[in-house]
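This briefing goes through one protein chain by topic. Keep the sequence and the 3D view open while reading.

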Amino acid sequence: EQIADGARPRALDVLTPREVEVLRLLARGRSNKRIALELGVAEKTVKTHVGHVLAKLELSDRTQAALYAVREGLAD
């Protein structure tokens, strides 16, 4: 419902560059483990970034985050 009405803040306005990068990879269907490998960080670090993305964008799960990223054109 909230995604449909566009009530989310703009990702580029509230997320760090790394969080945007994680969101892009998440939207491409990557697991936390795969994101960690691609970015050269620990899986726990990715989990932290995903948590920050969800909190900052007021989303409840990865699926909502992926849909948000696609809608915002971040899932290139």
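How are α3 and α4 oriented to each other, roughly parallel or roughly perpendicular? The model is predicted, and in it the two helices pack at an angle of about 110° with their axes 8 Å apart. Angles of 65 to 115 degrees count as roughly perpendicular, so α3 and α4 are roughly perpendicular to each other.

**The contact of α3 with α4**

- On the α3 side the contact is made by N32, K33, I35 and A36, and on the α4 side by E43, V46, K47 and V50.
- By class, the residues of this contact are 4 nonpolar, 1 polar and 3 charged.
- Helix α3 covers residues 32-39, and helix α4 covers residues 43-56.

- N32 is found in helix α3.
- N32 has a relative accessible area of 15% and is therefore buried, the limit for buried being under 20%.
- Leaving aside residues up to four places away in sequence, N32 touches E43, V46, K47, V50 and R62.
- A42 is found in the loop between α3 and α4.
- At 44% relative accessibility, A42 counts as partly exposed.
- A42 and N32 are 10 residues apart along the chain, and their C-alpha atoms are separated by 9.3 Å.

**Overall make-up and confidence**

- The chain has 5 helices and 0 strands, so that from the N terminus on its elements run α-α-α-α-α.
- Of the 76 residues in the chain, 36% are buried.
- Among contacts with a separation of 6 or more, 61% are between residues 24 or more positions apart.
- The average pLDDT of the chain is 89, and 89% of the residues score at least 70.
- Where pLDDT is low, the predicted coordinates should not be read in detail.

**The nonpolar core**

- The largest nonpolar core has 22 residues.
- Within this core, A11, L15, L23, I35 and L57 touch the most other members.
- The elements that give two or more residues to the core are α2 (17-27), α3, α4 and α5 (62-71).
- Helix α2 gives the largest share of the core, 6 residues.
- A11 touches V20, L23, L57, Y68 and L74, with residues up to four places away in sequence not counted.

**Helix α2 and its neighbours**

- The buried residues of α2 are E19, V20, V22, L23, L25, L26 and A27.
- These buried residues pack against α1, α3, α4 and α5.
- An α-helix has 3.6 residues a turn, so residues three or four places apart point the same way.
- The axes of α2 and α5 come within 8 Å and cross at roughly 100°.
- Helices α2 and α5 are therefore roughly perpendicular to each other.
- In this contact, L23, L26 and A27 in α2 meet R62, A65, A66, Y68 and A69 in α5.
- The contact of α2 with α5 has 7 nonpolar, no polar and 1 charged residues.

**T48 in α4**

- T48 is found in helix α4.
- T48 has a relative accessible area of 39% and is partly exposed.
- T48 and E19 are 29 residues apart in sequence, and the distance from C-alpha to C-alpha is 9.5 Å.
- E19 itself is among the buried residues of α2.

**Backbone points**

- G29 follows α2 and has a positive phi, near 85°.
- E58 lies in the loop between α4 and α5.
- E58 is not a glycine, yet its phi is positive, at about 55°.
- Most residues other than glycine have a negative phi.

Technical notes. Residues numbered from 1 in each chain as written. Predicted model: local features only at pLDDT ≥ 70, side-chain atom pairs only at ≥ 80, totals over all residues. Heavy atoms only, no water. Helix = DSSP H or I, 4+ residues; strand = E, 2+ residues; numbered from the N terminus. Buried < 20%, exposed > 50% of the residue type's maximum accessible area, 1.4 Å probe, protein only. Contact = heavy atoms within 4.5 Å. Axes fitted to C-alpha atoms, helices over the stretch in contact; angles between N-to-C directions. Parallel < 35°, antiparallel > 145°, perpendicular 65-115°, else oblique. Nonpolar A, V, L, I, M, F, W, Y, C, P; charged D, E, K, R; others polar. Core = buried A, V, L, I, M, F, W, Y, C linked by side-chain atoms within 4.5 Å. pLDDT = per-residue confidence, 0-100.
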